[in-house]
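Open the model in your viewer and keep the selection tool at hand. The tour goes from one selection to the next.

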Amino acid sequence: MPLPSAPASLESQRLEPAGPLGGAWLLAETSPDAVFVPEDLDAESVALARAVRQFVEREILPRTPAIESREPGLTPRLLREAGRLGLMGLEVPEEYGGLGLDLRTACLLAEELARQGSFAVSHGAHSVIGTLPLVWFGTAAQKERYLPRLASGEWVGAFALSEAGFGSDALGAATRARLNEAGTHYVLNGTKMWTSNAGFADLITLFAQVEAAEGARPGRTFTAFLVERTTPGVSIGREEHKLGIQGSSTCRVILEDALVPVENVLHQVGRGHVVALNVLNAGRLKLGAGNLGPAKDLLRISARYANERVQGGRPIAQYGLIQEKLAEQAVRIFAAESAVYRAAGLVAAWQERAVAGDANLAPSEHPDLPVRAQALEEYLVECALLKVLGSEALDYVVDEALQIHGGYGYTEEFPIARAYRDARINRIFEGTNEINRLTITGTLLRRAARGRLPLLGAVERARTELLEPLGIAEVDDTPLAAEAAVLADARKLILVTSGLAAQKWGERLMEEQEIAGAIADQILAFYAAESALLRARKLIAAQGDRGVAAGELAQVAVAVAAGRIEAEARRILAAVSVGDELRTQLALLRRFSRRLPADTISLRRSIARRVIAQERYPLTRT
């Protein structure tokens, strides 16, 4: 089954222009020196993170019972205290009272601020989706009026997008806005659901469909509004009774002829989708970072408990199946962490080069957007990847933490039960993981179709190389060379299987959601494992002790990812072909079966020994 030829224009495109294109890592090998890793964070960033950790441990964690019971006024007070430290305006420009941090450092602080689930939601709803729309799209007057209050914590922000009948399809919202006869205010009617911070928010970024004026051509346009809590016609519903994050505020925002001044339209009428989708990219990236904080805490709690709990005359930490759980928790944290900071580095570098006017930077597909939003749009795929990787890594870690604690973990006397409930929302927040999987596959295919990524040429080359005989490879004794070879073949396998699926279904591929999801799962596994491997190789080159630990973590991450990629390839190929054609396609997998597997049992034992001895994630920085 031949693949369509790649147009010459695609073949001539550079795979890694200055400031690599989003998704380019799927087409060509990346150098370890080209990736940003957590160990690259400067001393000032690490010191700031340490100060934030102290704030959380002193002011937030001890108040967990009161936060979870929603003690009146407590969370707004804690947010104001965070504001006094500058933590309510991490990425707000300094001229408006914020810290003006770069994205890499902001992700590091997001880890620390996420260690108490309910507070994390309150803070994130304010500092990311509640404030960044104004930072990026606000007028000078809007910024002057609102940003200093938001950055100081005097005011709390919220983001109201979802509705009862429009969750993942939020752009189809039923809330309506019409211009009054005087042309001074929009009159809003509707109800917004699941709005975090609604119980105490002072400013809500809210979305509605603007109705055409009488006599004008029929139509409605999706628009963002800055709505103050005291606006006439705005009321807040009761607090929702939630499974987890019970200390956060989640309410309906009810609009009954609410009068919003025309000057409070954010960006432009009819451009609300631009505001919503771009801030959700930021939310997804930050959520990926935020999931690391509680995951590391849970690994620490698990290791300590395993050392203290005695069964059969010895601590359960000495048993192989417990060690396996601790090691796998560490591996998943390492892979997710490596992926987060790699992507944050890409986005931040793009932003910095764009601000500097770098003529070699690949032009944005959306030059009308603010620079920060342009960068996140360019790395939309990576943002979606991080959201899924982070939330599913945390889900695994908390599930095994509960298992290690046994019956005690199932009781409210231990912190695991609350953490278990709190973690579950992350696979729903900022677009469900199913929607994000479709975003990953769909975006890459659309960019290939538009010529943004030379995907077709890469598919053809990968298929040719995979079908070539292995032969006798030269001995490569550089660290992790075997894992690099596995991932090189994995990249080819992903390209070929996704190319065959695209060839069979064409434009209808995204309607075959199971196939699109399987392709996304391959890409997720690859990006996480490659990020882990590149980080390990970079640390090993620095000849530090961290390089040894990182190497073991990366070896397991690559082995697990290779198995996942191969399994998904079998599923895709079985759906694409039948009979002899399927047998021919399965030959693509031979390269995987010929490579000697890594001894992941011994590797996990070694990783577990580090975790047990240190009683924490072995690459802890702060």
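Are Trp-136 and Phe-137 buried or exposed? Select both: Trp-136 is buried, and Phe-137 is buried too. Buried means under 20% relative accessible area, exposed over 50%, and partly exposed in between, with a 1.4 Å probe and protein chains only.

Before going on, note that this is a predicted model, in which local features need pLDDT of at least 70, side-chain atom pairs count only at pLDDT 80 or more, and totals for chains, interfaces and linings use all residues. Residues are numbered from 1 along each chain as its sequence is written, and side-chain values use heavy atoms, leaving out hydrogens and water.

**Aromatic pairs**

Rings of Phe, Tyr and Trp (its six-membered ring) pair if their centres lie within 6.5 Å; planes under 30 degrees apart are stacked, over 60 edge-to-face, and the rest tilted. By this rule there are nine aromatic pairs. Select Trp-25 and Tyr-527: the ring centres are 4.6 Å apart and the planes are at 50°, so the pair is tilted. Trp-25 lies in the loop between helix H1 (8-11) and helix H2 (43-60), and Tyr-527 in helix H18 (residues 513-541), so the pair ties together parts 502 residues apart in sequence. Helices here are DSSP runs (H or I, at least four residues), numbered from the N terminus. Trp-25 is buried at 5% relative accessibility, and Tyr-527 is buried at 0%.

**Charges over rings**

A charge sits over a ring if NZ of Lys or CZ of Arg is within 6 Å of the ring centre and within 35 degrees of the ring normal. Select Arg-149 with Trp-155: the arginine lies over the ring face, 4.6 Å from the ring centre. Then select Arg-332 with Tyr-396, where the charged end is 3.9 Å from the centre of the ring.

**Helix H12**

Select residues 371-378, which form helix H12. Six of its eight residues are buried, so H12 is largely enclosed by the rest of the structure. The buried ones are Ala-373, Gln-374, Ala-375, Leu-376, Glu-377 and Glu-378. Now show what covers them, including helix H7 (132-137), helix H9 (272-290) and helix H15 (433-449).

**Helices H5 and H11**

Finally, select helix H5 (residues 103-113) and helix H11 (residues 320-355), whose axes come within 8 Å and cross at roughly 145°. Axes are lines fitted to C-alpha atoms, for helices over the stretch in contact (heavy atoms within 4.5 Å), and angles run from 0 to 180 degrees between N-to-C directions.

Methods: Helices (H or I, at least four residues) and strands (E, at least two) are DSSP runs, numbered from the N terminus.
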